Amino acid sequence: MDLLQITFSVLAQAPLPIKQSGFLLDGATGILLGVVISCLLIATGAGQILRRQPDSSVNPAIVQAFIRRVRAWWLMTAILAVTFMIPSPLATVVLFFLISFWALREFITLTPTRLGDHRTLFWVFFALTPAQYVLVAMGQSQYELFSILIPVYGFLFVAARIAVAGDYKRFLERIAKIQAGLYICVYSLSYAPALLYLKGWTDPQYEQTSTAGLLFYFLLIAQLSDLLQFVCSRLLGRNVIAPNINASRTWEGFLAGTGVTAVVGAMLSLTGATPFNPWQSAVMSIVIAVMGAAGSLAMSAIKRDRGVQDYGTLVEGHAGVLDRIDALCFAAPVFFHLTRYYFTTAGG
């Protein structure tokens, strides 16, 4: 009970990324949300039209995959919008903590463990993972610690704790598996809600702009690039990037989807939800799209190695949580550090 009291007292003192009053969902972010909802309405309508087409003209498997992805987008947008309606960013941090926890569970379940790993996993799930998000919720004052907690202290702890268990069989493989899951599902993803704690910037139209729009922009571009690369690969694809890993991803789809994502990113900069001008937003969109594609391929390689189709069965359209966030896990830390560097050099 004492530990819980300390944790909640720390979180209660966590700094807000914007003014103490008002929602995270400010004017600029509201416009961005409106754009997303409009696009989802159009995509939903397009999916219904395509579903009524004869099978000879449209591949029904592609149409069904598209519809499921759009439905998953509706769910994610609704949940994120609700968290933005709360004045404190803590709700969003808790949401990402739960996503990380479930994704790590899927990852560990996919890779068999031995009895000697169970106590190590207890500490990974119920100490290291919450600690990472508590540090995120404490804001940029704890940046130095939350940026090294898992890749330094967490990795050393995992190796030492498994060694103490006394089971040396497949020792290197076991610690590498747990470390990889901890790094991808928890550490990397935690950089997404950490965007909320970067300092805001002044927008002439909306006075003070929160960083909620920055997080929403990142999530939108990451998911949009994944969808565009999927659609372009189906329509234009000829040369598969890695046939033995993911036969649906092609170079043509990757380049075309990334290009369209850059254009969309440049247009979204006009909403005022980000500090970037159009060309900067286009470059950021390209970075997110490239890292997202790398994440999807890497996580697909893990699934092929384990001989499974999906990581789980929770999210409609992408089976498991980890199937839905694989692009986010690789893109989040890169986007965070580039944005933080931008604020440092440009002065916000």
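User: Is cysteine 329 buried or exposed?

Analyst: This is a predicted model, in which local features need pLDDT of at least 70 and side-chain atom pairs pLDDT 80 or more, while totals for chains, interfaces and linings use all residues. Residues are numbered from 1 along each chain as its sequence is written, and side-chain values use heavy atoms, without hydrogens and water. Buried means under 20% relative accessible area, exposed over 50% and partly exposed in between, with a 1.4 Å probe and protein chains only. Because its relative accessible area is 2%, cysteine 329 is buried.

User: How many disulfides are there?

Analyst: A disulfide is a pair of cysteine sulfur atoms within 2.5 Å. By this rule, the number of disulfides is zero.

User: How far from cysteine 329 is the nearest cysteine sulfur?

Analyst: Cysteine 329 takes part in no disulfide. The nearest cysteine sulfur belongs to cysteine 185, at 5.9 Å.

User: Which residues of H11 are buried?

Analyst: Helices are DSSP runs (H or I, at least four residues), numbered from the N terminus. An α-helix has 3.6 residues a turn, so residues three or four places apart point the same way. In H11, the buried residues are Gly253, Phe254, Gly257, Thr258, Thr261, Ala262, Gly265, Ala266 and Leu268.

User: Why does isoleucine 148 count as partly exposed?

Analyst: Isoleucine 148 lies in the loop between helix H6 (143-146) and H7. Isoleucine 148 counts as partly exposed because its relative accessibility is 33%.

Methods:
Helix = DSSP H or I, 4+ residues; strand = E, 2+ residues; numbered from the N terminus.
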